Amino acid sequence: MKTKLALLSTAPLLMFALTAHALPVTYIAADNNVSSLAQMVNSQAAASDFLSVAGALDTYDFESALPSNLTITGGSTTNDSGCGALCGFNTTSGGDFFRYLGGGMVTFSFTNPVDAFGFYVNGLQTNLVSQQTITYVDGSSDTQTIDFPSATGGGGAFVGFIDFGQLISSVTFNATNDILGFDDLRFGRSVSDPGDPGNPGDPVSVPEPGSLALLGLGLLGLGISRRRKLNATS
């Protein structure tokens, strides 16, 4: 009976370790001094890598009305930033419009949570405005933070991340005092999302180091209880 109680007491610990939240996988690259998507070579490579893992996602290019699953607060949709490429520009082939942000924050919210999100951003001068941040809510009690790319002289970047199996309800970009343009948003449930019955991909998230430590404690508890049983019967 003592052995059974010991096994039961370690079970919640093991379950907690196995289900702990893993870090998102990021696909981020930047290019300095750009005025068109063609010049954003590193950014396009990051976008390609992101989509090769995430699979087919919804795309919004600001050339039409917002899709029902997406709400955007902060900034405005325009085809002219008023100060050229240094303040942002369109990246959609054959398009004109993008989301203009004259400092402050822009938030992308999803009616149906996603686990993959990516976008192009340009007009970056992180050497002059270095406090910019990207944060998001994923259904846990904590707000997650993504490292911000560095680019100068009106640089451009692609930022993409996948938080496999999580429920991302909103993503916020804080530009502080920079003037930026956002375009070609990609969002949805990744093809490798183990929580989506329609996407039978293999789970790829791994426990964080703290989770592995908890798992080790659980296994240690099992070993101690087994040793006590053997001592009691000898």
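Colleague: Which residues of helix 2 are buried?
Modeller: In this predicted model, the buried residues of helix 2 are Ser43, Ala46, Ala47, Phe50 and Ala54.

Colleague: Where do they fall when you look down the helix axis?
Modeller: The buried residues of helix 2 lie within an arc of 100 degrees seen down its axis, so they line one face of the helix. The face turned away from that buried side carries the exposed residues Val41 and Ser52.

Colleague: And what do the buried ones pack against?
Modeller: Four strands: strand 1 (25-31), strand 6 (116-124), strand 9 (155-162) and strand 10 (168-188).

Colleague: What span should helix 2 have, and how far apart are its ends?
Modeller: Helix 2 covers residues 41-54, and its 14 residues at 1.5 Å a residue should span 20 Å. The end C-alpha atoms are 20 Å apart, which agrees.

Colleague: What happens just after helix 2?
Modeller: Gly55 follows, with a positive phi of about 85 degrees.

Colleague: Stepping back, how many helices and strands are there in the protein?
Modeller: The protein has 3 helices and 10 strands. Along the sequence the pattern reads α-β-α-β-β-β-β-β-β-β-β-β-α.

Colleague: How much of the protein is buried?
Modeller: Of its 234 residues, 42% are buried. The protein exposes about 11700 Å², and carbon and sulfur atoms supply 56% of that area.

Colleague: What share of the contacts is between residues 24 or more positions apart?
Modeller: Such pairs account for 81% of the contacts with a separation of 6 or more.

Colleague: On to the core. Which residues touch the most other members of the largest nonpolar core?
Modeller: That core has 29 residues, and Phe108, Phe117, Phe119, Phe173, Phe182 and Leu185 touch the most other members.

Colleague: Which strands supply it with at least two residues each?
Modeller: Strand 3 (70-73), strand 5 (98-114), strand 6, strand 7 (133-137), strand 9 and strand 10 each do. The largest share, 8 residues, comes from strand 10.

Colleague: Take Leu185. What does it touch?
Modeller: Leaving out residues up to four places away in sequence, Leu185 touches Asp58, Thr59, Tyr60, Phe62, Leu70, Ile72, Phe108, Phe117, Gly118 and Phe119.

Colleague: Which residues do the ring pairs link into a cluster?
Modeller: The cluster holds Phe108, Phe110, Phe117, Phe119, Tyr136, Phe148, Phe161, Phe173, Phe182 and Phe187.

Colleague: What does Asp96 touch?
Modeller: Not counting residues up to four places away in sequence, Asp96 touches Glu63, Thr78, Asn79 and Asn90. Thr78 is 18 residues from Asp96 along the chain, and their C-alpha atoms are separated by 8.1 Å.

Note on methods:
Residues numbered from 1 in each chain as written. Predicted model: local features only at pLDDT ≥ 70, side-chain atom pairs only at ≥ 80, totals over all residues. Heavy atoms only, no water. Expected span 1.5 Å × (residues − 1). Buried < 20%, exposed > 50% of the residue type's maximum accessible area, 1.4 Å probe, protein only. Arc of directions from axis to C-beta. Contact = heavy atoms within 4.5 Å. Areas by Shrake-Rupley, 256 points an atom, 1.4 Å probe, with all protein chains shown as cover. Phe/Tyr/Trp six-rings, centres within 6.5 Å; stacked < 30°, edge-to-face > 60°. Core = buried A, V, L, I, M, F, W, Y, C linked by side-chain atoms within 4.5 Å.
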